[in-house]
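Subject: Structure handover

Hello,

I am passing on the structure we spoke about, together with some notes. Please look it over before reading further.

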Amino acid sequence: MAIKITRPQGTEDITPKNIYKWHTVERLARETAETFGFQEMRIPTFEQTDLFLRSVGETTDVVQKEMYTVKACETEFTLRPEGTAGTIRSMIQNGLLNDALPQKAYYILSCFRHERPQAGRLREFHQFGVEMAGSAGPESDADIIVLAKAILDRVGLKNIVLHLNSIGCPSCRKDYHEALIAYFTPHRETLCETCQTRLEKNPMRLLDCKSPICSEIAKDAPLITDYLCTDCQTHFTKLQEYLKIMNIDFMVDPKIVRGLDYYTKTVFEFISSDIGAQATVCAGGRYDGLIAELGGKPMPAMGFALGLERLVMTMENQDCEFEKPKPCDLFLAPMEPDAIILTMQLASALRKIGYKVEYDLMHRSLKAQMKYANKIGATFVMVIGENELQTKQANLKNMETGEEIPMQLDKNFIEKFDDLAIQYMFQDVVDDMEKELK
Ligand code: ATP
Ligand code: MG
């Protein structure tokens, strides 16, 4: 017996049954980002491993534990664990940063991280992300956060809280790092192995460790907000003012440090109170040093990424609305070999003007064809048999009301069908209007 092959752990299939949910969030996210002047960008699925070492950071969980690195023909590549590094690499490589600033790009892409799979935590997952390069002021931080919130509002998400923090710049982080090292050193033996090696190199990473022991110790660690330099503090205060003016609720959460090394100043997460452990739906921040680090001319930037699986999952939990695909407009049932040609011609002409038309391809009985038409939710069904071919007339059956509309099978058919279908589509609107006029 052949062995059944199943999908790898931590990956998901999105079948036609569920794809409409993804289409809904992708469309709403795209449209919203475009109203803010962002344009789509597409980048490769894999990059040179070095790109992620230099951007995400060598002491992060992502680089130390989660990367899918493959060797092909003596060269090593890594499947992107996130979208920012590749997008910035591409902006530099394509000279976009020499163009009008700020550069604003959005993307929808899959990411790969070797994590322990659980609900909302996959090995291949999808992100909708945006990056804005060139602007340094807190009003761009506000613009980015307002955009993230606009998308979450547009898809109808509720009970979502914006956690906001500033993790300063390299200059204010110097003292903070020392304070962290002093705080964690007495606990060194208790820390997880990874954190022991991170302690001197990158003590802020200890604040983000998922091990229960490390996070317990980290609870009382010094807070970055007490160490911000004047410039970072002013930036943070101004951003909060802007968010208040824009009616964006937030809570300052000094515990948010983010799992990637490239962040500076502003970091934020939108956290849902509805989805258990994997509650961060959207996360982002400013990364003023990254472009220079990747060989571009020094330039500030910032962005966010929205985890699409977590977004869809939260929307499902909250009964948010997803736009259902339009059902089949017309199912044609050719009842005899001669009828198939006319069926194909009618279907083709209607499809050209945008109607969803299907016809029997399974050589089924009339009863079975009607069952299929019902199953696909066809609005109209038309049977074409010997009689219909002879009289050049057939009945268009409205599947909802059962009404049978006689139709001439001549050159006016398409126009007449178009009229009927439009009438049908607007029936609800017409009914409402009539009710109001009464
Ligand atoms: P977490 O703390 O949950 O591991 P992270 O800090 O690693 O998240 P980011 O790198 O900031 O996550 O990614 C941005 C968003 O992508 C997250 O907020 C989340 O919605 C989503 N995301 C990250 N990792 C996964 C994953 N393994 N599976 C599904 N979604 C994920
Ligand atoms: Mg993670």
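Predicted model: local features only at pLDDT ≥ 70, side-chain atom pairs only at ≥ 80, totals over all residues.

Helix 9

Helix 9 covers residues 230-245, and its end C-alpha atoms lie 23 Å apart. That agrees with the 22 Å that its 16 residues should span at 1.5 Å a residue. The buried residues in helix 9 are C232, H235, F236, L239, Q240 and L243. They sit on the same side of helix 9, because the arc they cover around the axis is only 135°. Their cover includes helix 5 (138-154), helix 6 (170-184) and strand 9 (264-272). T230, K244 and I245 are exposed, on the face of helix 9 turned away from the buried side. After helix 9 comes N247, which has a positive phi, near 60°.

Helix 7

Helix 7 runs over residues 193-201, with T194, C195, R198 and L199 buried. These buried residues fall within an arc of 145° seen down the axis, so they line one face of helix 7. They pack against helix 3 (61-66), helix 6 and helix 8 (212-218). On the face turned away from them, helix 7 carries the exposed residues E193 and K201.

Surface patch

A nonpolar patch on the surface is formed by I422, M425, F426, V429, V430 and M433, which together have about 520 Å² of accessible area. Helix 15 (413-425) and helix 16 (427-437) are the elements that give two or more residues to the nonpolar patch. Helix 16 has the largest share, with three residues. M433 belongs to helix 16, and its relative accessibility of 49% makes M433 partly exposed.

Salt bridges

The whole structure holds 24 salt bridges. In one of them, E316 pairs with K21, with the closest N and O atoms 2.9 Å apart. E316 is in helix 11 (residues 308-317) and K21 in helix 1 (residues 19-35), so this pair ties together parts 295 residues apart in sequence. E316 is partly exposed at 36% relative accessibility, whereas K21 is buried at 13%.

R42 forms a salt bridge with E40, the closest N and O atoms again being 2.9 Å apart. Here R42 is exposed, at 69% relative accessible area, and E40 is partly exposed, at 29%.

D208 and R205 also form a salt bridge, with 3.8 Å between the closest N and O atoms. R205 is buried, with a relative accessible area of 5%. Elsewhere, salt bridges with shared partners join R27, E31, R154 and E323 into one network.

Regards

Key:
Residues numbered from 1 in each chain as written. Chains lettered and ligands numbered in written order. Heavy atoms only, no water. Helix = DSSP H or I, 4+ residues; strand = E, 2+ residues; numbered from the N terminus. Expected span 1.5 Å × (residues − 1). Buried < 20%, exposed > 50% of the residue type's maximum accessible area, 1.4 Å probe, protein only. Arc of directions from axis to C-beta. Contact = heavy atoms within 4.5 Å. Patch = residues over 30% accessible without salt bridge, like charges linked within 9 Å, V, L, I, M, F, W, Y side chains within 5 Å. Areas by Shrake-Rupley, 256 points an atom, 1.4 Å probe, with all protein chains shown as cover. Salt bridge = Lys/Arg side-chain N within 4 Å of Asp/Glu carboxyl O.
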